[in-house]
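Please open the model in your viewer and keep the selection panel at hand. The stops below each begin with something to select and then say what is there.

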Amino acid sequence: MTVEQTLAELVSIDSVSALSNAEIISYLEARCEALGFTVKRFPHLDETGAEKINLVALQITSQAEAATVELALVGHTDTVPYDPAWSEALKLTESDGKLYGRGACDTKAFIAASLTAIESIDLKKLKQTLALVFTADEEIGCLGAKRLADARPFNARYAIVGEPTSLQPMRAGKGYCLAEITVRGREAHSAYPQLGASAIFRAARLINRIEEVAKDLKSHAHASFDPPFTTLNVGLIEGGTAKNIVAGECCFTLEWRTIPGQESDYVLNLVKREVDDLQKLDPDFVCWIHAARTDESFETRADSPLVHFLEESSNKPSGTVAFGTEAPSMIALGADAVVFGPGDIRVAHRTGEFVPIDELNRCVAILRRSIEHHCF
Ligand SMILES: [Zn+2]
């Protein structure tokens, strides 16, 4: 089966994060079992009651211990939703040397390349354990990979985490954190503001201070990133009930992307300090901070053998990504993790996402060489 045929079959299975991924997992399980892999499912029900499954497929060698994986190839099975008007979202379509379809780029291309690579080598020559890892719910917060890391199904030395990087090895990534902040005030008729306290004015004071925190964060630089520091964003704000009512409540979101070496709660603590300070100035200042998400940053050493190998194979220097990936979960399992795959992240998540056919084929060749290099 060609890599394009495999990709067409993967794209034809609707696996948006809102659905169960059981169908695509069954497909991948059958492909791996046919090659003699030992497969294990890690199922659970998500918050909507849909069954979500992580799958670990191991090619265990007699010389190696089953629990120690030399190389893991990791791909997430879910995709972002697609516009119903995109009638060919689930039908892989070729045009101008590109393959179009939902997930064609993010990240079914990498999965198709992994399956094609393992089918093209003589698995009897493996001296070290190879793992294929297929996860659920990456697109909604790397939830599957986090669960898998908690289950500790194996220890790994090296992991290639599939994501569209245009075949550039990415050895570090920023963390992703989110907090929902609620500031309380006291409603009053706006003709008599002294009888209330405006939650919106209070939130504005806090947001001004958060902007100063963002400026201070620029002094901690990590030269491998663009921009080279932790960034903050207040992306949503909502408050008040009417133009002539002093606002009783104001909520906003605070998102921050941390550079490696900075704990995910570092920014949270800086913001809490500003809240404490505002409370000293105004004992009536009431504010709740709900830390909704903390995804750690990651960094694999520039001199890791995996980084070197992928730099040489791809003929590209290693780089960094500013989006969330499953790499931290693989690092939690002991691996040097590198994010790598065909396709461009800038076309992922768009109607008409695609993977260039030449990159898809080169990815097959690089993954095949990676397996031979690490496991033979
Ligand atoms: Zn992805």
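Begin by selecting Arg186, Arg202, Arg205, Asp282 and Asp284, which are linked in a network of salt bridges, where a salt bridge is a side-chain nitrogen of Lys or Arg within 4 Å of a carboxyl oxygen of Asp or Glu. The structure holds 22 salt bridges.

Before going further, note that this is a predicted model, in which local features need pLDDT of at least 70 and side-chain atom pairs count only at pLDDT 80 or more, while totals for chains, interfaces and linings use all residues. Residues are numbered from 1 along each chain as its sequence is written, and side-chain values use heavy atoms, with hydrogens and water left out.

Next, select Glu353 and Arg102, whose side chains meet in a salt bridge with an N to O distance of 2.4 Å. This pair links distant parts of the chain, since Glu353 sits in the loop between strand E16 (336-340) and strand E17 (354-356) and Arg102 in the loop between E5 and H3, 251 residues apart; helices (H or I, at least four residues) and strands (E, at least two) are DSSP runs, numbered from the N terminus. Glu353 has a relative accessibility of 1% and counts as buried, and Arg102, with a relative accessible area of 3%, is buried as well; buried means under 20% relative accessible area, exposed over 50%, and partly exposed in between (1.4 Å probe, protein chains only).

Now move to Asp295, which forms a salt bridge with Lys146, the closest N and O atoms being 2.5 Å apart. Here too distant parts of the chain are linked, with Asp295 in strand E13 (residues 286-295) and Lys146 in helix H4 (residues 143-151), 149 residues apart. Asp295 is buried at a relative accessible area of 9%, whereas Lys146, at 29% relative accessibility, counts as partly exposed.

Which residues coordinate the zinc ion? Select the ion, and the donors to display are His76 (NE2), Asp106 (OD), Glu163 (OE) and Glu163 (OE), at 1.8 to 2.7 Å; donors are N, O and S atoms within 2.8 Å of the metal (3.2 Å for Na, K and Ca), and water is not among the atoms, so sites may look incomplete. The four donor atoms subtend angles of 53 to 140° around the zinc ion, and the arrangement is therefore irregular. Along the chain, the donors follow the spacing H-x29-D-x56-E. His76 lies in strand E3 (residues 68-76) and Asp106 in the loop between strand E5 (98-100) and helix H3 (108-119), so the pair ties together parts that are 30 residues apart in sequence. Both His76 and Asp106 are buried.

Finally, select Cys105, a buried residue with a relative accessible area of 1%. The closest cysteine sulfur to that of Cys105 is in Cys363, 11 Å away and therefore too far for a bond. The structure holds zero disulfides, a disulfide being a pair of cysteine sulfur atoms within 2.5 Å.

Conventions
Four donors count as tetrahedral if all angles lie between 85 and 135 degrees; four count as square planar and six as octahedral if opposite donors are over 155 degrees apart and all others between 65 and 115; anything else is irregular.
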